[in-house]
Amino acid sequence: PACRKSKACLAAALCSLLFLSTFLSSAHSASCCLSYSRRRPPCKLLLGYSIQTITGSCDLPAVILHLPGKFLCADPSMRWTQKLQLCVEEKKKVEKKKFSTLRNTTSDKGSQFLGEGLRFEM
Amino acid sequence: MIKKMDYLEEDLAGNFTFDYEEPCVYSLNSSMDRKVLPFVHSIICALGLVGNSLVIITYALYKRAKSMTDLYLLNVAIADLLFVLSLPLIIYNEITSWSMGWLSCKLLRGSYSVNLYSGMLLLGCISIDRYLAIVQARRSFRLRSLSYSRLICALIWVFAVLVSIPTFYFYQRYEPFENSTFFLPNEEENEPDDHHYVCDFKHDDRNLAPYFKVMIPSIQLGVGFFLPLLIMIFCYTSIIVTLMKAKNFQRHKAVRVVLAVVVVFVICHLPYNISLLYHTINMFDVVKCQVADTLKVTQNALQAVAYLHCCLNPVLYAFVGVKFRNHFRRIFRDLFCLSKKYMTQRRFSRVTSDMYMSSIRRSVEGSGDSNLSFTM
């Protein structure tokens, strides 16, 4: 009968709903910088940086400094942040030169690890 | 090299932890997102699906929408049903990093917004309708005609779409740190196989973005909460004042229903909207990660309470009415009869019982106050 059919449909819908929402639940929200570091890390430890703008889901302008195993938030309006950014740019230029020369001399994959090792020694 | 690393680790983990700020990962909020909210949302979804589809089925099969109130109740049920249906799709997409594509991002966020606005505005319209029926009873005949109410419902849906245009426009599916990353080492090794998308606000003009960012929740607060709240407060207070003057047993029940409608609305929506207001006001302020995490958890919990309202609407508005309940009982009776008929193929008894029931119904309808849709 119609009533049994609709009951079965309803039950199936509810079960699939529960299944859907419990099984596939690992929602990740984008992480944002919400406040700024007060201490400046030394430039020699920096691996790079990225810029957080307020044009997306984050609401605070920030410079995210990449350190080995860490990310630090810095105030883009601070002088030391701008200096660190410049420092990274400088290092990048030097790195590129070294990297390309290393590449030319040794073509195997080991050179890349060597290149990465060099990065820390600068 | 090792020495330097040690220095860093010590420095970062030791005495100066509070001087270094890392990007906030909202650990408490994400664990709640994973463990609690899926259950809460599926319960809300299930209740909303059952309640609102029962209202729609009742209107579709047994009760042609005759009055203005009927039409509003039907439209509220449709808006709530669509809202509840978009909820699991949004959750599914948030989990699978918007695997259904950019259009689903825009459509789901947009339809969520349209249904939110139309639902809330229709609740305001129901209060106006009841105000006209009770307080302005003499003048209400023309204003409460069916053709007039069809026009109002259409206007509300159009208005809800118009108000949702910013959401349609500004919400995009994108990768949060797509082009801002500026790694020093081997740039060519950026493996793009791990795409992580979000469906969130995005506008590339850095000067205008903050205004649009504030605009969307502001419209939601104004049109989606405070406007219907003010209309409801005005209408229902004048209704209660009018009802208190009339000494009638049934009217006191009506007052109770009115109070229940307002109190439930306020309990469900006020806390969430206050947290939304707080978030909007302090949107661009510097805040500690722990505080922001707690605020986000609070806001999400209050949002679930607000969502719960669309499951309560069928009870508060439709099933409270005597007429509606009778129609609803008829559904179950007919379903029962249908299954009985299947087993015992006796048509005659069904026809007589049907006639008997409809005559009872007519007498019930005739005795009630036809203007009051919410008499208990």
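Buried here means under 20% relative accessible area, exposed means over 50%, and partly exposed is anything in between (1.4 Å probe, protein chains only). This is a predicted model, where local features need pLDDT of at least 70 and side-chain atom pairs count only at pLDDT 80 or more, while totals for chains, interfaces and linings use all residues. Residues are numbered from 1 along each chain as its sequence is written, chains are lettered from A and ligands numbered from 1 in the order in which they are written, and side-chain values use heavy atoms, with hydrogens and water left out.

**Nonpolar cores**

- A nonpolar core is a set of buried Ala, Val, Leu, Ile, Met, Phe, Trp, Tyr and Cys residues joined through side-chain atoms within 4.5 Å.
- The largest one has 71 residues, and Ile126(B), Tyr236(B) and Tyr317(B) have the most contacts inside it.
- Several helices of chain B each supply at least two residues of this core, among them α3 (37-61), α5 (102-134), α8 (209-245) and α10 (289-319); helices are DSSP runs of H or I with at least four residues, strands are runs of E with at least two, and both are numbered from the N terminus.
- The largest share, 16 residues, comes from α5(B).
- Apart from this core lies another, of 13 residues, including Cys43(A), Leu65(A), Leu72(A) and Val88(A).
- Back in chain B, if you skip neighbours within four places in sequence, Tyr236(B) is in contact (heavy atoms within 4.5 Å) with Ile126(B), Ser127(B), Arg130(B), Val258(B), Val261(B), Val262(B) and Tyr317(B).

**Salt bridges**

- Glu22(B) is partly exposed, at 38% relative accessibility.
- Glu21(B) and Lys288(B) also meet in a salt bridge, at 2.6 Å from N to O.
- That pair links distant parts of the chain, 267 residues apart: Glu21(B) is in the loop between α1 and α2 of chain B, and Lys288(B) is in the loop between α9 and α10 of chain B.
- Glu21(B) is buried at 10% relative accessibility, whereas Lys288(B) is partly exposed at 41%.

**A pair within one helix**

- Arg330(B) and Asp334(B) form a salt bridge too, at 4.0 Å from N to O.
- They are 4 residues apart in helix α11 of chain B, so about one helical turn separates them.
- Arg330(B) is buried at 17% relative accessible area, and Asp334(B) is buried at 11%.

Conventions. A salt bridge is a side-chain nitrogen of Lys or Arg within 4 Å of a carboxyl oxygen of Asp or Glu.
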